[in-house]
Each structure stands twice: as structure tokens, then as C-alpha cells.
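Here is a short briefing on one protein chain. Please keep the sequence and the model open while reading.

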Amino acid sequence: MLFVLLSFGIGIFLTIWGGKLLSLGGSAWYLLAGLAYLIIAVGYFTRSQYALPLAVITFLLTLVWALYEVQLSYWGLIPRLVVPALMLMLALWLAAAMPVARVRLANWSATVIFIALLATLVSAFYPHGGIHNGIVKAASDNSATQAAKSDNWEFFGRDASGTRFAPYTDITPENVHKLKVAWTYHTGRRLTGPAIGVDENTPLQIGDTLYSCTPLNVVTAIDADTGKARWRFDPHAQTAEHVTCRGVGYYDVQSDDTLSAEEKASPALQQCPQRIMVSTVDARLLALNAKTGELCDDFGDHGSVDLKQGMGDTENSKRYHPTSTPVIMGHIAVLGGWVRDIVHGEPSGVVRAFDVRDGKVVWAWDVGKPENITDPEKGRVYTLETPNVWTIPGFDKELNLVYLPTGNGPPDYWGGDRNEAKEKYGSAVVAVDASTGKTKWVFQTVYHDIWDYDLPSQPVLFHMKNEQGGDVPVLIQTTKTGQIYVLDRRTGKPVTRVEELPVAHQGAEGEHLSATQPFSTGMPQLGVEPLSEKSMWGVTPFDQLMCRIDFKESTYLGMYTPPSEKPYIEWPSLLGGMNWGGITIDERTGTLFVNDMRMPLRMSLVRKEEMAKYKVSTDEVPGFMGTVRPQVAGPYGGVRIDILQSALGVPCNTPPFGTMSAIDLNSRQLLWQVPMGSVEDTGPLGMKTHLHIPLGMPTLGGPTSTASGLVFFAGTQDNYLRALDSASGKELWRARLPVGAVAAPLVYKSPKTGKEYVLISAGGASHSPDVGDDIIAYALEE
């Protein structure tokens with residue numbers, strides 16, 4: 001009777017919802033299968049001799065349909081075949097109660113299915129969905145690298161190029177399994193209450209001292225060998241939204257070749273010769289003595305500059321504050337900022353350069369008023385709601401250029417009344433003169449961006465061959481759209497092929513969209529395979545069916561589907577693609593490593609008169625689920641943003657949901673791609689599965705590569721720091737962390753002991769309830 005009820009329940013569900021899917025123009029299989037299970041239920045209830053044959057035929061036809069839809073895709077077959085196989089197994093085992101001649105054959109067949117299902121379960125604990133087109137070629141031992149010129153990790157990406165490449169070889173693929181915890185430091189960050197933020201910090205390493213910051217900008221100097229704090233500075237910063245600190249900047253007057261000997265000998269610089277520059281979430285820029293942690297009194301107002309000056313109404317930093325590391329160029333610190341992007345009149349997106357000695361503005365990049373090259377006159381402000389730079393700029397000392405990766409001018413999702421500055425500079429890489437802030441060139445990655453595809457990561461500087469074989473200084477920019485742009489950093493011209501391809505451009509009321517967009521077709525495009533009804537996924541056929549219905553009820557016209565009042569699908573989404581963690585490049589082999597996430601969004605514009613029907617929230621993912629985010633522009637008052645996921649809280653697209661890829665910059669080919677992260681610390685309905693199934697989960701943070709052939713990464717949804725073989729992507733080692741981590745690993749060598757360390761800030765995966773305050777260093781066991 002239980003089997004009859006189960007078959008009947010499955011039949012009812014598939015028939016009702018399968019009928020709806022068919023009415024939307026979707027697959028007929030669910031309706032037909034539902035009817036078949038209803039007949040099977042009746043047959044077993046009446047003990048019909050035709051019931052078991054019908055169950056067998058139903059499964060065989062299901063098998064044919066599944067193979068037609070997804071071929072031999074492991075994760076694609078799971079929701080299509082596991083439940084039907086279970087039902088057939090039960091039907092066969094119940095043959096003894098039915099008028100069936102070959103009961104023994106039925107029992108043996110059921111046992112075979114049971115073994116196959118068991119093998120399928122075991123197989124889930126191994127990676128699937130990877131790509132292996134080749135391996136990374138070994139570098140010659142005498143390969144020169146930019147990173148080898150310094151033993152300090154002085155910038156967010158180690159050096160000014162941003163390659164995040166550690167030129168060390170003590171920890172190798174052969175001995176990485178011997179890594180053990182060397183020390184742990186607890187930052188003491190607040191772990192409960194509102195606006196605690198996310199720990200995205202990669203510390204700097206200067207000699208035998210590390211400099212870290214918490215989400216609320218508490219800066220600590222840590223002994224690199226013992227993990228003991230040398231000093232700690234708390235700025236008592238607080239804000240309501242987007243609370244994070246990705247790193248600090250470092251200035252040393254002795255290595256500054258932009259100042260004269262007389263300038264270096266000034267009493268103020270002699271009193272505070274090495275400085276830690278940190279921006280705070282309440283919009284201040286601070287200069288700390290790197291030796292003592294005390295404020296440098298000659299900088300700004302006794303060590304502090306108010307960044308809110310001239311920015312417009314920031315609501316006490318709620319609508320504007322920096323979230324990324326100040327970039328130090330000689331005696332100048334360049335800093336952009338995060339802007340909330342909700343309404344007209346948001347704070348300015350201006351980028352400013354400050355003199356690290358006294359805190360005065362050296363120049364300001366204000367695209368609305370190019371003449372505003374320093375502080376605006378008292379009572380005036382920089383141009384409001386201009387494209388901002390919330391991530392980390394790049395810097396080329398030889399060319400004396402700063403590279404600014406911009407966002408789109410607010411509001412995000414409707415731009416019918418955007419001005420010329422927003423249209424020209426939004427979602428672009430902009431090169432400006434490092435001395436004056438004057439624009440040198442602009443390369444736009446998205447035209448009229450109404451998808452929130454702002455550039456999320458630091459431009460990385462490297463050298464590549466052009467098509468004629470000439471050596472070109474390039475800038476590599478990753479994007480939320482899965483595109484990787486390679487530009488000549490002298491001119492902004494593409495080095496690899498970029499094509500203008502047609503896209504849907506029938507926009508919402510009052511919009512005017514571009515008929516084409518620039519696609520980087522000369523480089524691998526990651527996670528951009530078009531969605532379809534067939535690509536909708538689920539843990540079971542039931543949630544997969546509901547995902548297929550959601551897809552058919554939505555507008556999806558490929559990448560750059562125009563926002564509309566009807567639900568539309570954004571893929572890749574504003575979450576990425578690639579995000580702020582950026583890339584690492586093995587400078588010996590010219591191999592780029594990058595992680596991504598693959599989570600489509602289901603969105604819709606909400607008219608002003610309809611806003612009262614919804615709960616309004618400015619929360620970020622996943623807090624915005626089921627709410628409307630204010631976006632006051634034109635006829636619209638907001639945008640509804642939901643992850644395209646099933647009722648189980650599982651994304652509707654087929655796994656993996658996050659990967660790590662290796663790209664050969666010489667051939668410009670994808671070498672390998674592997675799923676990153678397991679469901680061990682998450683799962684359906686938000687419940688932890690405690691199963692290390694490497695599905696490939698959404699990733700944040702960034703990877704770090706080493707000269708020994710390793711890639712370290714921690715930005716998954718499970719609580720692990722991993723080491724991959726850079727040649728093949730194979731996981732060689734993983735260490736369980738107390739909580740997750742989204743920061744990029746730091747790899748450094750102690751000048752005191754010569755020991756190589758791998759360090760991670762483990763403060764919790766993004767938006768996870770599990771939060772910590774650990775900085776953990778690993779070293780080879782002695």
C-alpha cells in the first residue's frame with residue numbers, strides 16, 4: 001500500500017505541474033510520466049499483471065529521454081533518473097505480491113538497480129563536470145619573474161602588478177601534504193550583532209611583520225613567525241552596510257624615489273617614516289606608524305582625513321565609504337569608494353589621490369567636472385552619482401598610469417536619463433595620469449550597463465605576445481560577465497580579439513539600449529553557456545520541474561537580457577561570473593588561474609505605484625530574497641532580485657556552481673577547469689549535509705599561485721583551505737578551517753627563519769551564520 005500511495009503522490013504532482021510546464025511550451029515528459037505513475041499505482045493496487053511491465057517501460061523511456069536531454073552528464077542525470085530508478089527497484093521487489101512469472105529475475109534486477117544506485121551515491125563524492133584540455137607546461141628553472149624582485153607582500157596582489165604570485169619553492173606538490181598549523185591569531189573582531197561585516201582581508205607582509213585589518217578596520221601588526229601581536233589599533237569605525245576591509249596600504253619613505261633627499265629628511269617623515277594607510281567603513285583615511293601603530297600626527301587632522309568631504313549626502317557613510325585597499329604610488333595613495341547605487345543624487349564616484357605625508361588631495365578624477373582636480377571649494381561637492389571605483393586600481397610605475405575599473409552610474413537597473421559621463425565611463429577600464437589624474441584612455445566593457453555589471457576586480461599587469469609575436473605590456477581585466485579582456489595598457493586597445501556581437505535591446509519603458517556589446521572572443525569565456533529549459537536542475541525531478549516552470553515563465557534572451565517588469569533572468573548575474581577576488585598568474589609559465597561563481601538571478605522591475613505591495617530592503621544577497629531593492633529611476637521604484645533557485649534553496653542551473661580555471665596566456669586556451677567546494681557546510685533548505693560531495697559551489701575571494709607549481713584557494717562555501725596542482729587542477733591537500741574563508745591566501749617567507757608560510761584569514765564564508773576571527777598560518781612540519 002505504501003508503494004501505491006507513493007506512486008500515486010508522484011503521479012499527481014508530475015501530472016499537475018507537468019501539465020503546466022507543457023502549457024508553457026515545455027517538455028511533455030513530466031506530464032506523461034505523471035500519468036504513467038498514476039496507472040502504475042492503480043495497477044499495483046488492483047494487482048494487475050500489466051503493472052510491473054508498465055513500470056519497466058516507464059523507466060526505460062525515462063532513461064532514453066534523460067540521455068537525449070543531457071547525454072552522460074552525471075549531475076544532469078541525477079534528478080532525471082534517481083527517483084525513477086528507486087521506484088522501479090521497489091516495483092521489482094514487490095513482484096512477489098503480483099501475478100508475475102519470473103519473481104527471481106525481478107528480485108535480481110532490483111538488486112542490480114540497488115547496486116547501481118549505491119555506486120551512483122559513492123560517485124557523488126568524486127568531482128564531476130571538469131574540463132581537461134591539457135596541463136600547464138613546466139617552466140625552465142631560470143625563468144625570470146617580476147615577483148622575485150622583492151621578498152615583501154607589499155600590495156593587495158603582492159606587488160604593483162597584482163599577479164598574486166609567490167616566487168617560493170619550499171612547499172611543493174610533493175610535500176604540501178605535510179603542511180601543519182604553525183600558529184593562530186585571533187583578531188578579536190565582533191562576531192555578533194548588526195553590521196559585523198565579512199572578513200575579506202589578505203594581510204601585508206613587510207619583513208618579519210604582517211599587517212591585517214578586520215571588517216571594522218581594526219589594524220594589527222603580527223609577528224610573522226609566532227603570530228603574536230606587536231601592536232593593535234582600533235579606529236572605532238562603524239557603518240550600516242557593506243562592512244569589509246580587504247587590506248591596508250604600506251608606505252616607506254626610504255624606498256620612495258619620488259621625493260628628494262631634502263623632502264625625505266623632513267622632521268614629520270623622520271618621525272613616521274613607514275606608514276600603514278587604511279581607509280575605514282565610516283569614510284576616513286588614516287596613517288599609522290608601522291612600527292608603533294600610533295597615528296601619524298602630521299597626516300590630515302592628527303592622523304585622519306575625512307573622506308566624506310565634498311561627496312554629497314553620505315548619511316554618515318551609509319551611502320558611501322571605501323571597501324578596498326589604498327594603492328600606494330610613491331608618496332601618493334589612490335582611493336575610490338563603494339556607493340549604494342539606489343537613487344539619483346547618490347554620493348560622487350570620484351577617485352582621489354592623497355599625499356601620504358600630509359593627507360592633502362593631490363588630484364581628483366571627477367568625470368562630471370574635469371576641472372575639479374583637487375578639493376572642491378567650500379560648500380561645493382564633486383559631481384554626484386558618477387561611476388565609482390569600489391575595487392582596487394592598478395598602477396604601472398614605468399608608464400606613470402593608474403588604471404581605474406569603474407562601476408555603472410546609479411541607479412543600477414534603469415538608465416533612460418543617464419548623462420554623457422555615465423554612458424562613457426560606466427563599467428570601463430580608465431587609464432589616468434598618476435601625477436595629475438587626467439584621463440588618458442577609456443575601454444568600456446559594457447555599454448549602457450543596466451545589469452550591475454560593474455568591474456569587480458583589480459586590473460592585473462603582465463606581458464604577452466600579440467598576434468605578430470611582439471611583446472606587449474598588457475592589462476588583464478576579469479568581469480562579472482565571464483569575459484576576460486586583455487588590453488595594451490599603454491593605449492587601451494585590445495590585444496586579444498574583442499567582437500561587437502548583437503544582443504537583445506528592446507528595453508523597459510523609457511530605455512535606449514545598445515544593439516551590440518563587446519565580447520572578448522579571443523580569450524576563454526567562463527560560465528557563459530546559455531541557459532535553457534533542459535539546463536534547469538534540481539536535487540529531485542520535483543524541484544527540477546518547478547525550476548523548469550520558473551524558467552519558462554521568465555524572459556531569457558541570452559546574456560544582456562533587458563530588464564523588464566515581467567520576471568527576467570540575468571545570466572551571468574551581478575554576483576558573477578568573476579568577482580572581487582581577481583586572478584593569479586604563474587609568472588614562470590604564463591598561466592592565469594581564476595575562480596568564478598554561477599548563480600542566475602530572476603529579477604523584475606517594480607513600478608513606483610506597485611512598491612507598497614512589497615517589503616523593501618537594502619540587504620545584499622541572500623537578504624534581498626523575496627524583497628524589493630529600491631531603484632528609484634524613471635517610472636520605476638525598485639527591482640525584485642531573487643536567486644533562480646528551487647523551493648529547496650538549490651540553484652536551478654546545472655552544477656558546478658563555482659569552478660577554478662587555468663588559462664594559458666601564450667596560447668590563450670583553457671587548460672583545465674575543476675569544480676571548487678563541497679556541500680559539507682551547506683545544503684538544501686540551508687541545512688548542512690556534512691557530506692563532502694564536491695558539487696562545485698559559488699566562490700569568492702581569489703587564488704594565490706607559487707613558483708613550485710601550487711595554487712592555494714579558500715573562497716568556497718565549505719570550511720577548507722586547499723592546494724591544487726597548478727599543472728592539472730588536482731586537489732593535493734586541504735585543511736579544515738574553524739569557519740569558512742573568502743580572503744585570498746598569503747604566501748610568504750620569513751626573513752628571520754627562512755620558513756615559508758601559507759596564511760589565511762578565516763572569518764566565515766560570505767553570508768554564513770558561522771563567523772570567526774582566526775588568522776591561521778601553515779608551515780611544513782619539521
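The side chain of Asn408 reaches the backbone oxygen of Asp449 at 3.1 Å. This is a predicted model.

**Around Asn408**

- Asn408 sits in the loop that runs between β19 (401–405) and α8 (420–425).
- Is Asn408 buried or exposed? Its relative accessibility is 1%, under the 20% limit, so Asn408 counts as buried.
- A polar contact, at 3.4 Å, joins the side chains of Asn408 and Asp412.
- Beyond its neighbours within four places in sequence, Asn408 has contacts that include Asp341, Pro387, Asn388 and Arg418. Gly426, Ser427, Asp449, Asp452 and Asp454 are also in contact with Asn408.
- Asp454 is 46 residues from Asn408 in sequence. In space, their C-alpha atoms are 5.7 Å apart.

**A four-stranded sheet**

- Four strands form an open sheet in the order β18-β19-β20-β21. The pairing is antiparallel.
- Which strands are at the edges? They are β18 (394–396) and β21 (439–444), and each pairs on one side only.
- From one strand to the next, the twist averages 15 degrees.
- Strand β20 (residues 428–433) is joined to β21 by five bridges, and the two run antiparallel.
- Within this pairing, Ala431 of the chain stands opposite Trp441 in β21.
- Strands of a sheet pair through backbone hydrogen bonds, either parallel or antiparallel.

**Salt bridges**

- How many salt bridges does a search of the whole structure find? The search finds 38.
- Side chains of opposite charge can pair when their charged atoms come close.
- Glu315 and Arg340 form a salt bridge, with 3.6 Å between the closest N and O atoms. This pair links distant parts of the chain, 25 residues apart. Glu315 is in the loop between β11 (304–306) and β12 (320–321). Arg340 is in the loop between β15 (338–339) and β16 (351–355).
- Glu315 is partly exposed, at 36% relative accessible area. Arg340 counts as buried, at 11% relative accessibility.
- Arg357 pairs with Asp355 in a salt bridge, and their closest N and O atoms are 2.8 Å apart. Arg357 has a relative accessible area of 21% and is partly exposed. Asp355 has a relative accessibility of 7% and counts as buried.
- Asp770 and Lys688 meet through their side chains in a salt bridge of 2.6 Å, N to O. This pair also links distant parts of the chain, 82 residues apart. Asp770 lies in the loop between β40 (756–762) and β41 (774–780). Lys688 lies in the loop between β34 (669–675) and β35 (704–706).
- Asp770 is partly exposed at 26% relative accessibility. Lys688 is partly exposed at 36%.
- One network, built from salt bridges that share partners, joins Glu241, Asp313, Glu315, Arg319, Arg340 and Glu346.

**Annotated transmembrane regions**

- An unreviewed UniProt entry carries the annotation "transmembrane region" for residues 28–45, 50–68, 74–96 and 108–126.
- In the model, residues 28–45 are 94% helix and 0% strand. The end C-alpha atoms of this span lie 26 Å apart.
- Residues 108–126 are 84% helix and 0% strand. Their end C-alpha atoms lie 28 Å apart.

Conventions: Residues numbered from 1 in each chain as written. Predicted model: local features only at pLDDT ≥ 70, side-chain atom pairs only at ≥ 80, totals over all residues. Heavy atoms only, no water. Salt bridge = Lys/Arg side-chain N within 4 Å of Asp/Glu carboxyl O. Buried < 20%, exposed > 50% of the residue type's maximum accessible area, 1.4 Å probe, protein only. Contact = heavy atoms within 4.5 Å. Polar contact = N/O pair within 3.5 Å; in protein donor to acceptor, adjacent residues only side chain to side chain. UniProt positions renumbered as here; feature names shortened; annotations may be inferred. Pairing = 2+ DSSP bridges. Axes fitted to C-alpha atoms, helices over the stretch in contact; angles between N-to-C directions.
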